[in-house]
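Work through the exercises below with the sequence and the model open. Try each task before you read its solution.

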Amino acid sequence: SAKGVIWFQIGEPFETKALQAIRSVNSNLQVVDLREGISLIHGSCKHAHKGGHCGDDLHLWLSPRIAKTQARLIAKGLIQQFPENQSLFEKNLTNFLSQLDALDSFIIN
């Protein structure tokens, strides 16, 4: 939206055009790429595609470990935009990271 201050992106194809449209009315929009620091799995198609490449697997939220990286990026972006709420964001991040650790442990065991 024109009033938004942060765009969290994961690399979906629609994001490029959507971001261009939003930036045309909101040039100050902060963009946080939630793929930063994450090794993506590159896919290949079983059906007919030019080159057989389907692109990167963007199902990042399915991994608690990857979600931890993304949560840190989200918190960092929120703190940059709203520094007055830094302690709240850090507290919530710590709680969420603990929950993700518990989930990861449950999945592994």
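**Exercise 1. Is Ile-107 buried or exposed?**

Solution. Step 1: locate the residue. Ile-107 sits in helix α3. Helices (H or I, at least four residues) and strands (E, at least two) are DSSP runs, numbered from the N terminus.
Step 1: apply the cut-offs. Buried means under 20% relative accessible area, exposed over 50%, and partly exposed in between (1.4 Å probe, protein chains only). Ile-107 has a relative accessible area of 52%, so the residue is exposed.
Step 2: look around it. Ile-107 forms a nonpolar patch on the surface with Leu-103 and Phe-106, and together they have about 340 Å² of accessible area. Patches take residues with over 30% relative accessible area and no salt bridge; like charges are joined within 9 Å, nonpolar side chains (Val, Leu, Ile, Met, Phe, Trp, Tyr) within 5 Å. The areas come from the Shrake-Rupley method with a 1.4 Å probe, and for residues only the protein chains shown count as cover.

**Ground rules**

This is a predicted model: local features need pLDDT of at least 70, side-chain atom pairs count only at pLDDT 80 or more, and totals for chains, interfaces and linings use all residues. Residues are numbered from 1 along each chain as its sequence is written, and side-chain values use heavy atoms, with hydrogens and water left out.

**Exercise 2. Where in the protein chain is confidence lowest, and where is it highest?**

Solution. Step 1: know the score. pLDDT is the predictor's confidence in each residue, from 0 to 100.
Step 1: take the chain as a whole. Its average pLDDT is 83, and 78% of the residues score at least 70.
Step 2: Strand β4 (residues 53-57) is lowest, at a mean of 55, while α3 is highest, at 96.
Step 3: Contact means heavy atoms within 4.5 Å.

**Exercise 3. Describe helix α2 and what its buried residues pack against.**

Solution. Step 1: get the length. Helix α2 (residues 64-81) has 18 residues and spans 25 Å from first C-alpha to last, close to the expected 26 Å. The expected span is 1.5 Å times one less than the number of residues.
Step 1: pick out the buried residues. Among them are Pro-64, Ala-67, Gln-70, Ala-71 and Leu-73.
Step 2: find their partners. The buried residues of α2 pack against β1 (6-9), β2 (30-33) and α3 (86-108).

**Exercise 4. Which side chains pair in salt bridges?**

Solution. Step 1: state the rule. A salt bridge is a side-chain nitrogen of Lys or Arg within 4 Å of a carboxyl oxygen of Asp or Glu. The count is three.
Step 1: take Arg-35 and Asp-33. Their closest N and O atoms are 2.7 Å apart. Arg-35 is partly exposed at 26%, and Asp-33 is partly exposed at 23%.
Step 2: take Asp-104 and Arg-65. This salt bridge is 2.8 Å, N to O. Asp-104 lies in helix α3 and Arg-65 in helix α2, so the pair ties together parts 39 residues apart in sequence. Asp-104 is buried at 15%, whereas Arg-65 is exposed at 51%.
Step 3: take Asp-101 and Lys-68. Their closest N and O atoms are 2.6 Å apart. Asp-101 lies in helix α3 and Lys-68 in helix α2, so this pair ties together parts 33 residues apart in sequence. Asp-101 is partly exposed at 39%, whereas Lys-68 is buried at 16%.
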